[in-house]
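Here are my notes on the model, point by point. Please read them with the structure open.

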Amino acid sequence: MKISQENKELTKLKILSAGVELIIEKGFKDASMREIAQRAGVSNPTIYNYFPTKEQMLYAYIEWKHQQTREILGGIEGFENYTLREQLQTLIETELELYLEDREFILQISEMVFHSSSLKLDSLYATNRLFVETAAEMIAIAIEAGEVEKPPFEEYLPKLFWDYFVVVVAYWVKDESESFENTTQFIDHSMGVIEALLQSNLLNKASELGMFLFKNHLLSSLTRFSTKQSRFTKMKRKLGEVLHG
């Protein structure tokens, strides 16, 4: 009997939820796949069909939260009329709210990535597709609407925004202020800087300066170096001919 895709997704989320609960209770190291399967009400072979390792659960959890965030943003009335800063800030704050009930789980992921090195950062970054796509759509729409000028290296901005989000999460899991007020202020201040950079045309001016320096100084230096290397090679060749001639 074939299992529908919907039932597969429900089973996957059931296993994932059970895994998050158990890892929060016992810690990542001590929570076994057998115990997670038992709590989720599935067989041992079944859990491995969905998640070959516990690490895969961590990555699936993050992707799941990205998907939930997109769905929430899509349901906000008038969201398309928000400014770029408001949209990006809502993206971050919505995802943090989704993390809140599992904050101890996120803390374990953070510790494993930044301190114990038991999780590779590049594997964590492999989960960012939906987040990056969401940010890219917001930036592209703002550029098309003339809210901000098209910045240099536009394609890299959403990935840089993901880097910024990782920093925000790392700050948030360590924030012990009431109602995470310090995190709120950190986001407000840093988003203000990002907004100012995008609206001031500073990135374009910096890019123009960089290209000027590259074309007029670095390239000429490389050309001179290449010419000297060529002359040196010719001298070595002639010297070799004399010595062996």
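1. Helices (H or I, at least four residues) and strands (E, at least two) are taken as DSSP runs, numbered from the N terminus. The protein chain has eleven helices and zero strands. Its pattern along the sequence is α-α-α-α-α-α-α-α-α-α-α.

2. On provenance: this is a predicted model, in which local features need pLDDT of at least 70, side-chain atom pairs count only at pLDDT 80 or more, and totals for chains, interfaces and linings use all residues. Residues are numbered from 1 along each chain as its sequence is written, and side-chain values use heavy atoms, with hydrogens and water left out.

3. Burial and contacts come next. Buried means under 20% relative accessible area, exposed means over 50%, and partly exposed is in between (1.4 Å probe, protein chains only). Of the 245 residues of the protein chain, 36% are buried. A contact means heavy atoms within 4.5 Å. Among contacts in the protein chain with a separation of 6 or more, 70% join residues 24 or more positions apart.

4. Consider helix α5 (residues 84–100) against helix α10 (residues 181–200). Their axes are 10 Å apart, and the packing angle is about 150 degrees. That makes α5 roughly antiparallel to α10. Axes here are lines fitted to C-alpha atoms, for helices over the stretch in contact, and angles run from 0 to 180 degrees between N-to-C directions. Angles under 35 degrees count as roughly parallel, over 145 as roughly antiparallel, 65 to 115 as roughly perpendicular, and the rest as oblique.

5. The crossing of α5 and α10 is right-handed. A crossing is left-handed if the near helix is turned anticlockwise from the far one by less than a right angle, and right-handed if clockwise. On the α5 side, the contact uses L84, R85, L88, Q89, I92, E93 and L96. On the α10 side, it uses T183, I187, D188, M191, G192, E195 and L198. By class, the contact residues are seven nonpolar, three polar and four charged. Ala, Val, Leu, Ile, Met, Phe, Trp, Tyr, Cys and Pro count as nonpolar, Asp, Glu, Lys and Arg as charged, and the others, Gly among them, as polar.

6. What does the pairing of α1 and helix α4 (residues 54–74) look like in angle and axis distance? The axes come within 10 Å and cross at roughly 110 degrees. That makes α1 roughly perpendicular to α4. The crossing is left-handed. L13, I15, L16, S17, G19 and V20 of α1 meet M57, A60, Y61 and W64 of α4. These divide into eight nonpolar, two polar and no charged residues.

7. Now the salt bridges (a side-chain nitrogen of Lys or Arg within 4 Å of a carboxyl oxygen of Asp or Glu). The count is eight. E195 pairs with R85, the closest N and O atoms being 3.1 Å apart. E195 lies in helix α10 and R85 in helix α5, so this bridge ties together parts 110 residues apart in sequence. E195 is partly exposed at 25% relative accessible area, and R85 is partly exposed at 23%.

8. R39 bridges to E21, with closest N and O atoms 3.7 Å apart. R39 sits in helix α2 (residues 33–40) and E21 in helix α1 (residues 5–26), 18 residues apart. R39 is partly exposed at 37%, and E21 is partly exposed at 41%. E21, E25 and R39 are linked in a network of salt bridges.

9. K150 is exposed, with a relative accessible area of 54%.
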